[in-house]
Amino acid sequence: MAEVNVVANATPSKFSKLSSKWSVLRTSPSTLIGGVLLLVIALACILIPWLGHMDGTTTNTANMLLAPSARHPMGTDNVGRDTFTRVLLGGKASLTVGISAAAIAGIIGFIVGLYSAYYSKLGYLLMRVCDGLMAFPAILFAIVFIGAFGESMRSVILSLSIVFIPMVARIVRSATLSNMNENYVQVLTNLGAGSFRILWRNIALNVIGAWIVEVTFVCADAILVEAAMSFIGAGIPQPQASWGNMLYDSRTYIYSAWWMTVFPGLALAFTVFVINMLGDGLREVFDPKSRR
């Protein structure tokens, strides 16, 4: 009977922590503004081209390098494609890469971080593999990966996922090691709880906050790295639009057709800013030390 009372007393505290975090989440301006703006950006990039049947690949030499106007709000590029359409389609591609890479790296990194902290021998091996991956610059590793498997969005997503797994794993491992020193872990161990239950029903709930914050920043980093890769011709291949290859196309027209550089550059900067704002807000929610 005493054992049941101990477990019953330990369990509600986890859900009370989650409910308190949700109450803070609703009062966090950075989280709310960042989340709403990111949702608006995503919906605009997905719905507007689809509802308007916009074509961002067909060239039209008669409309080359037209300045912004009512018909072309962001002008046209060097082969007559509408810049507004390509900014939206490029945003869809960049968000797809960022969210997909963050999701894959987040899931694998979460598992690696949990088990590397709980099992010391396994953790030593996993962390050395992570150290080896982190020794390579993200762009260099992605370029080599794409050179081996070909240029495609799938190759970009997989390469960036591999690059960011160690970053997520280290954050989760650090949070897991901190939680393993808590009293509830020792209590559950003394009660005979298995390692799977301790990891996934107790520790995982307490480290998921730090994990969510890190995944948010990984999404922003993945968008930036993909843009840099596309700018040097190693990312999403033409004619598919991405903010990186749009900036690559505009490099020789920066003075004569400023709109080709300004609009995709602003879209990239604003989207990354919004995602970082969301990440900072989530950090305030899940890390009490960062709150004022």
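Colleague: How do the residues of the lining of the largest cavity divide into nonpolar, polar and charged?

Modeller: They come out as 3 nonpolar, 1 polar and 5 charged. Here Asp, Glu, Lys and Arg count as charged, Ala, Val, Leu, Ile, Met, Phe, Trp, Tyr, Cys and Pro as nonpolar, and the others, Gly among them, as polar. Mind you, this is a predicted model, where local features need pLDDT of at least 70, side-chain atom pairs count only at pLDDT 80 or more, and totals for chains, interfaces and linings use all residues. Residues are numbered from 1 along each chain as its sequence is written, and side-chain values use heavy atoms, leaving out hydrogens and water.

Colleague: What makes it a cavity, and which residues line the largest cavity?

Modeller: On a 1 Å grid over the protein atoms alone, a cavity is a set of points where a 1.4 Å probe fits but cannot get out, while a pocket is an open set with protein on both sides within 12 Å along at least five of seven lines. Lining residues have an atom within 4 Å of a point, and for the largest cavity they are Asp77, Arg81, Asp82, Thr83, Arg86, Met246, Asp249, Met260 and Pro264.

Colleague: What volume does the largest cavity have?

Modeller: About 70 Å³, where a volume is the space filled by probe spheres set on the points, with grid points joined across faces, edges and corners. The count is 1 cavity of 30 Å³ or more.

Colleague: And how do the lining residues of the second largest pocket divide?

Modeller: Into no nonpolar, 6 polar and 4 charged. That pocket has a volume of about 160 Å³.
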